[in-house]
Amino acid sequence: MKRLLNLSRRITPLLEVKRGVSAAKRFYKDVNVVTCGGSNFEISLDSRKLKTPSGKVFTVVSEPLAHAVAVEWASQKKEIIRSQMHLTGLVSTCIDNPTQISKEDIITEILEFLKTDTLLFFASEPTGLTQLQEEKWRPIIDWFNNCYGVSLSPTNGQNIHGIPNVSNMDVMKIRKHLTSYPFEAIHGLRFGVDAVKSLIIALSVLEKRVPIDQAIGLARLELEYQTSHWGNVEWAHDIELHDSTSRLAASA
């Protein structure tokens, strides 16, 4: 928990610079997790119950999740930067579901990422990058195929259509698997997929096949290769890295 708090404190100032976020003043001193109704947990800000944007009481059934949300609120300093409170935002959206989207519709959105999945686009050159992708990406693709009984095949831009091999049967099998997840997990998965532009990576994290820091490395493999040769704007690089890491961590 202390490690998560320290990570949040390091990330927040960087992202404030990136987004020019306008913030509200911190109005509370203490943050606590309160047990209510047996297995439900709420967050209290001094004597106030945390609520969602629609005014519903912020309630979760997972105590570790409740404490992680409490860390987000406790890590705020003089101002509240809501754009950095990814867990709070995710859970609030699940509770409110402001667009009234169904789990099936979210799954359809997630599956749209599959044919443009980061891991399914290998470079044809330079050779060093191609070799690195084979070394780092291929084992994860193989794991994904074996785990879900599919036959995804990446492209290197040299096939006739320049797109990965993802069949309708592959999509149906993955859809069937995702349907077994509860709404909250699917909502979080969509957030993670969007953060790394890869369903393969996001599911490898969700299934505990790959730790978060390694997953971010996979998603940023080509970028890191290019910057190692051509350099980068250091502060911008750090902001993007921390933002992707915090978003993927929240989704998992």
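**Entry 1: ground rules.** A helix is a DSSP run of H or I with at least four residues, a strand is an E run of at least two, and both are numbered from the N terminus. I'm reading a predicted model, where local features need pLDDT of at least 70, side-chain atom pairs count only at pLDDT 80 or more, and totals for chains, interfaces and linings use all residues. Residues are numbered from 1 along each chain as its sequence is written, and side-chain values use heavy atoms, with hydrogens and water left out.

**Entry 2: the overall count.** I listed twelve helices and six strands in the protein. Of its 252 residues, 42% count as buried (under 20% relative accessible area; exposed is over 50%, partly exposed in between; 1.4 Å probe, protein chains only). I also looked up contacts (heavy atoms within 4.5 Å). Of those with a separation of 6 or more, 63% are between residues 24 or more positions apart.

**Entry 3: helix 2.** I went to residues 63-74 next. Helix 2 has twelve residues and reaches 16 Å from its first C-alpha to its last, close to the expected 16 Å (1.5 Å times one less than the number of residues). Which residue caps its N-terminal end? Ser 62 does, with a side-chain oxygen 3.2 Å from the backbone nitrogen of Leu 65. The buried residues of helix 2 are Ala 66, Ala 68, Val 69, Ala 70, Val 71, Glu 72 and Trp 73.

**Entry 4: helix 6.** Then I moved to residues 138-148. In helix 6, I found Ile 140, Ile 141, Trp 143, Phe 144, Asn 145 and Tyr 148 buried. What covers them includes helix 5 (127-136), helix 7 (168-179), helix 9 (199-206) and helix 10 (212-219). Just after helix 6, Gly 149 has a positive phi of about 65°.

**Entry 5: the cores.** A nonpolar core is a set of buried Ala, Val, Leu, Ile, Met, Phe, Trp, Tyr and Cys residues joined through side-chain atoms within 4.5 Å. The largest one here has 38 residues, and Phe 144, Leu 178 and Leu 199 make the most contacts inside it. Helix 4 (103-112), helix 6, helix 7, helix 8 (183-196), helix 9 and helix 10 each give two or more residues to this core. Which helix gives the most? Helix 9, with six residues.

I followed up on Leu 199. Leaving aside neighbours within four places in sequence, Leu 199 is in contact with Ile 110, Leu 111, Leu 114, Asp 117, Phe 144, Ile 174, Leu 189 and Val 193. There is also a second, separate core of 17 residues, including Leu 45, Val 60, Val 69 and Val 91.

**Entry 6: aromatics.** I got six aromatic pairs (Phe, Tyr and Trp rings, the six-membered one for Trp, with centres within 6.5 Å; planes under 30 degrees apart are stacked, over 60 edge-to-face, the rest tilted). Trp 143 and Tyr 148 have ring centres 6.0 Å apart and planes at 80°, so I noted the pair as edge-to-face. Elsewhere, Phe 27, Tyr 28 and Trp 73 form one aromatic cluster.

**Entry 7: salt bridges.** I noted seven (a side-chain nitrogen of Lys or Arg within 4 Å of a carboxyl oxygen of Asp or Glu). Lys 25 pairs with Glu 79, the closest N and O atoms being 4.0 Å apart. This pair links distant parts of the chain, 54 residues apart: Lys 25 is in strand 1 (residues 24-25) and Glu 79 in strand 6 (residues 79-80). Lys 25 counts as exposed because its relative accessibility is 61%, while Glu 79, at 33%, counts as partly exposed.

Arg 138 and Glu 134 meet at 2.9 Å, N to O. Arg 138 is partly exposed at 26%, and Glu 134 is partly exposed at 35%. Another bridge joins Lys 136 and Glu 135, with closest N and O atoms 3.9 Å apart.

**Entry 8: Thr 118.** I found Thr 118 in the loop between helix 4 and helix 5. Its side chain reaches the backbone oxygen of Lys 197 at 2.9 Å. Beyond neighbours within four places in sequence, Thr 118 is in contact with Trp 137, Val 196, Lys 197, Ser 198 and Ala 219.

**Entry 9: Asp 96.** Is Asp 96 buried or exposed? Asp 96 sits in helix 3 (residues 86-96) and is buried, with a relative accessible area of 11%. A polar contact of 2.5 Å joins its side chain to that of Ser 54. Asp 96 and Pro 53 are 43 residues apart in sequence and 7.8 Å apart in space, C-alpha to C-alpha.

Methods. Polar contact = N/O pair within 3.5 Å; in protein donor to acceptor, adjacent residues only side chain to side chain.
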